[in-house]
Amino acid sequence: MKKLMLGNEAIARGAYEAGVHVVSSYPGTPSTEITEFIAKYDEIYSEWAPNEKVAVETAIGAATGGGRALSAMKHVGLNVAADPLFTVSYIGVNGGLVLVVADDPGMHSSQNEQDSRNYAIAAKVPMLEPADSAECKEFTKKAFEISEQFDTPVILRVTTRVAHSQSMVELEDRKEVPVKDYTKNIAKNVMIPANARPKHVMVEERTKALSEYNSASDLNKMEINDTKIGIIAAGISYQYAKEACPDASVLKIGMINPMPEKLIREFAEKVDKIYVVEQLDPVIENYCRSIGIDVIGKEIFTLIGEYSTELLKEKILVEKPAEPMKADEPIPVRPAVMCPGCSHRGVFYVLSKLKLNVTGDIGCYSLGCAKPLESIDTIVCMGGSITAAHGMEKARGKDFARKTVAVLGDSTFVHSGITGLIDVVYNKGTTTTIILDNSITGMTGHQQNPATGFTIKNEPTRQVDLEMLAHAVGVDRVVIADPFDVDNFEKVVKEEIAAEEPSVIIAQRPCALIKKAGYTGRYVINDKCKNCKMCMKLGCPAISLTENGPKIDETLCVGCGLCPNVCKFGAIERA
Amino acid sequence: MNIMIVGVGGQGTLLASRIIGAAAINLGGDVKLSEVHGMSQRGGSVVTYVRYGEKIASPIIGEGEADVILAFEQLEAYRYISYLKEGGKYIVNTQKTNPMPVITGAAKYPEDILGKMEKMGISVTSCDALALAKEAGNIKSVNVVLIGVMAKHTNISKEEWEEAIKQTVPEKFLEVNLKAFRLGYDA
C-alpha cells in the first residue's frame, strides 16, 4: 500500500517496520513529529524525555540492553546530547541505535544554522541522509542494520524540507526483532581510559570498513547522463539538482559519513567537471579535495541559507531567470507573533511597562522580543535565561539584578533551566526567575512534558511540582501568579526583584491553543473608548487601530479577557 | 501542476494543502507537498506547496512556477505575485488581517490590492470565503470554501474533491466542511 507521508512520519514508519523497541526524544522543530508518530504505534515504547541528553542516554541504555532504540532531535538538540554521542561511538551497541537529527537550513524555526554533518565526522559515526519520504523510511531501516552490523550508533540526518515535505511511501509490515541477550561486558561498556584506548583503535578500523561498505552500498545512486556536467549531492539538494539540471550526471550520496571514496573516484573518471551541491558547510566538497578530486563548490554556492532550483540553474547552467512580477510598493512583512490569547502576553506587558532587563529563552515567548513589547534582551539556547541573568549580576552587581528577570517556559525550565537555578542559589545570586507555566510545550506544537502530568500517550503520571522543585533547590521565595491579573502580577514582580535573594515567580495560565484554557466568545470595544490606546500596548494581533480608534477583529479574538484588564474606561466588553 | 497556498499562520493552510494532496494522489501520478511547522506558524506569513504530475523531484515551487496560487488573505496574495506562472491563476479570499507592523503603525496596509493585481494582468478570482464559512456554520472552514472555489478550475471532478475532503477531515467536522466546499464551489 502506498501513502503520502511527511518525511518525519516516514521515519516513524521505518522505526516501526524495523522492529524498534524503545524511543526517547525531546521535541524540537523540525524533528518533533517523528516521535509523535512513533507514539501512535503501541508496539514501540515511546517517551518524551526532559532533554536530548537524557533521551539519547535512555536510548543508549535500551540498545545496550539489547533492544533497538531511537532518539530524534533538532540540530541544537544534538549539541545537548553530544556528550553521550562521542562516547557511545566508542562503546557501540548491542541492539541497533539510531539518532535522528533534523537540521534547519534557512532557520525557519531555529536560533542557528549549524550543519550537523560535522558531528558525524567528529564523533566518527556513520550518517545517512535521505532525500524524500520513501528514503526516510528505507534509510531508517538500513540505519538499524548498519548499526548492528558495524557495532556503532548511526545518525540519520534530515533537513526541514525533507522532514516537513510529503511524498509517496510504500508501506510494509513490521518485522519483529527479538531483544538481544544482555551479558555483562566491562571491556565494551565501561569507558574508563584503559578500556577506551583499544576502543579508539576499533573506531578507526570501523570507519575504514564503513567507507568500503559505503562504496558498494545501494544507499548511493550514480546516474550517468550527459557527462559534461557531473553533480554530487545528498538529501534535498539532490532534488533541486534533478529539477535544475535533468540532463546532468549525478552522484547521489546516501551515506555521507564516512564518504564512499571509491565511488566518488569512479564518478570523477566519468564526468568532465564536478559541482558539489550541498547546503551549509562544504563537507562533501572538502572531502573530495582531500582525496585529490577537483570540484566546484562554495566558490560559487553560498554557505548561508537554503538552496533552490533557481539558484542551481543560475550557478550551474548560467541561466538568468525571467524577471518576475513585482508590486511597485512596499509590502509590510508579517512576522510570527504571540497568538491572540497567549498566556505570555500579560507577562511581557508588565515587564515592558517596568522597563526591566529580560534574559530570555527558547520557546514561543521568544516572540516577546518583537514590537510593540520588545521586552527580551538576550536569547542564546535552551535553559540559557537564568544563567545569563546570573552572569550579568556577577559582572554588574546587585543593583543591576534588581532591574533584571529571567523568563523561560515550564518545559524549558525542566530541560535545563533547573541547573541554572541551582547555580544561582549555590553561588549566592539574587536572580528573579519567571517560569511561564502554560501547561504544555507550546512552540513545537503542544507536547506533554514532566511538568504537565501527562505522558506522550496522554496517560496521567506523576507531575513535577515546579513550586516544590524551586523550594527544594533552596529558593525560599516562590510565588504563583496569574499573568492576566496584570495589576497583581506587576506588584509581585516589583516585590521579587527588590528581594535580596533568589526568587521564582510561576506565571500560571494555560496556552490559549489548548482545551484547558477554555476560552469562548469574543470581546468588542464599546463607545466608552477614549482612544487612549492602552490596549494597543499589548501587541495583540486581534486589536488594530482604525480611524475610529482600536477595533477587535472578530475572526482573531479568542475571548481570553486580557485586554479588558488594561482598559481604564471599561470600554471592552463581551460581545 | 504547481499549487501554492499562502496565508496567515492559523488559517488552516496546512489542511488545505493536505486535501489537495489527497485529491492529487487519486489521479495516480506523483505528488509532493511541502509544509510549514513550528515558529513560522504563529500568525506569520505561511506558504505551503503542492506539486503533482508524472514525476516530481523538488517539493518546492520557485518564482514564476505556480499554476495556481490559493491566497487566504489579500496582503499574502500580494506578497507572492512573483511566484505566479505566466497565464497562472489566483484564487483570493477578500479577508484582510493586519500584520504587526500595520497594527503598530510602522507600515500601511496597501489599498485596492485586487485591483492592482488585475491591472498587472493577473487572472484573479476573489471570494468572501469568511462569509461563506460562516454560512457553512464554522468560520474555521474558510480553507475548505477556498478549495471549493479552486476546484472548479482544476481537472479533478467535484466528486473526487469531496472524496479527498472525506479522506482528510476528521469525521466530526466533515458535514460543515462539505457544506463549505459546496458553497465555495457554487460561488
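Predicted model: local features only at pLDDT ≥ 70, side-chain atom pairs only at ≥ 80, totals over all residues.

Residues are numbered from 1 along each chain as its sequence is written, chains are lettered from A and ligands numbered from 1 in the order in which they are written, and side-chain values use heavy atoms, with hydrogens and water left out.

I looked up one pair within chain A: Glu148(A) and Arg68(A) form a salt bridge at 2.8 Å, N to O. Glu148(A) sits in helix α7 (residues 133–150) and Arg68(A) in the loop between α3 (52–64) and β4 (69–74) of chain A, so the pair ties together parts 80 residues apart in sequence. Helices (H or I, at least four residues) and strands (E, at least two) are DSSP runs, numbered from the N terminus.

Next I turned to the interface. I find 53 residues of chain B in contact with 54 of chain A, contact meaning heavy atoms within 4.5 Å. The buried area is about 4,400 Å², with carbon and sulfur atoms giving 60%; this is the accessible area (1.4 Å probe) that the two parts lose on being put together, summed over both.

I count five salt bridges between chain B and chain A. In the one between Arg51(B) and Glu243(A), the closest N and O atoms are 3.1 Å apart. On the side of chain B that touches chain A, β2(B) gives the most, with five residues.

Which elements supply at least two residues each to the lining of the second largest pocket? I noted α11 (236–244) and α14 (309–316) of chain A, and β3 (45–53) and β5 (84–93) of chain B.

Last, I checked the backbone of chain A. The peptide bond between Asn257(A) and Pro258(A) is cis, with omega about -15°, and Pro258(A) lies in the loop between β12 (255–257) and α12 (261–270). Lys371(A) to Pro372(A) is also a cis peptide bond, with omega near 0°. Pro372(A) is in the loop between β14 (357–359) and α16 (384–396), where I also find Glu374(A). Glu374(A) is not a glycine, yet has a positive phi of about 40°.

How values were computed:
Salt bridge = Lys/Arg side-chain N within 4 Å of Asp/Glu carboxyl O.
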